[in-house]
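Work through the exercises below with the sequence and the coordinates at hand. Each task is followed by a stepwise solution.

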Amino acid sequence: SQSFDKEAYVETVLNDGSVPLNGHVPSNYAYNPETEEDFRAENGDLSVADIEAAQAEWELAKAELGIETLEIELLTSDADTAKTTSEFLQAEWQKNLPGLTVTIRNVPLKSRLEATANGEYDIAYGTSTPSYADPIAFLDMYESTNAMNSSHYDNEEYDALLASTRSTYANDPEKRWEALLAAEEKLLTEDAAAAPIYQGANANLVDPALKDVQIQPVGIPM
């Protein structure tokens, strides 16, 4: 998660107004119920590019494993953006982590979803669009009992934090918010269960003669 340049990615691969994302929950999406502070701003940058730190961890990992080289596979769909993303990540990882070889497997989306659900991958690239504006819409996909948890991430403390937002703190908005902040930090800072890359952007061309046009940032596109 530290060993690739997110700025270069959004500028050269996407080039559509998307921005780097250093957390699992995007910005301008959910706000503290008491202070109205943006979730992303409040929880800060939890997953940032840091090539030197990544290289230090890489050398430590190789030493602990007693290896000099390693080959891993990156699984993506065969959509154009997914293909260019896989090529970008392959180049970044192989350049920044000496001794690493990354092979790419681009398959139809249905096959990619099946492979990730079955755990048949080393690293998988995919995107997610929330259905409602609440941090848990992004965080609950890593609960151990969630069918979308294709990484099979399993942390009892993480599960308990999210469970508390539906029970103990269901009627306490501020404590519920604190539990969500803590859950994201555990997911990314302590366990590194995911490597956020970018926050997508959409462009809308609207005729000025139209009135009361609503743009939905979440849910089903209209």
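The model is predicted, so local features need pLDDT of at least 70 and side-chain atom pairs count only at pLDDT 80 or more, while totals for chains, interfaces and linings use all residues. Residues are numbered from 1 along each chain as its sequence is written, and side-chain values use heavy atoms, with hydrogens and water left out.

**Exercise 1.** Determine the strand order of the open sheet and state which strands stand at its edges.

Step 1. Helices (H or I, at least four residues) and strands (E, at least two) are DSSP runs, numbered from the N terminus. Two strands pair if DSSP finds at least two bridges between them.

Step 2. The open sheet has 3 strands in the order β3-β2-β4, with parallel pairing. β3 (100-107) and β4 (123-124) each have a single partner strand and stand at the edges, so one side of each lacks a neighbour in the sheet.

Step 3. Strand β2 (residues 70-77) is joined to β4 by 2 bridges, and the two run parallel. In β4, Ile123 stands opposite Leu74.

Step 4. Across β2, β3 and β4 lies helix α5 (residues 109-117), at about 130 degrees to β2. Axes here are lines fitted to C-alpha atoms, for helices over the stretch in contact (heavy atoms within 4.5 Å). Angles run from 0 to 180 degrees between N-to-C directions.

**Exercise 2.** Locate Glu36 and Asp212: is each buried or exposed?

Step 1. Glu36 is not a glycine, yet its phi is positive, about 65 degrees. Glu36 sits in the loop between β1 (19-20) and α2 (39-43).

Step 2. Its relative accessibility of 63% makes Glu36 exposed (over 50%; buried is under 20%, partly exposed in between, with a 1.4 Å probe and protein chains only).

Step 3. Asp212, also not a glycine, has a positive phi of about 60 degrees. Asp212 belongs to the segment after β5 (198-199) and is exposed, at 75% relative accessible area.
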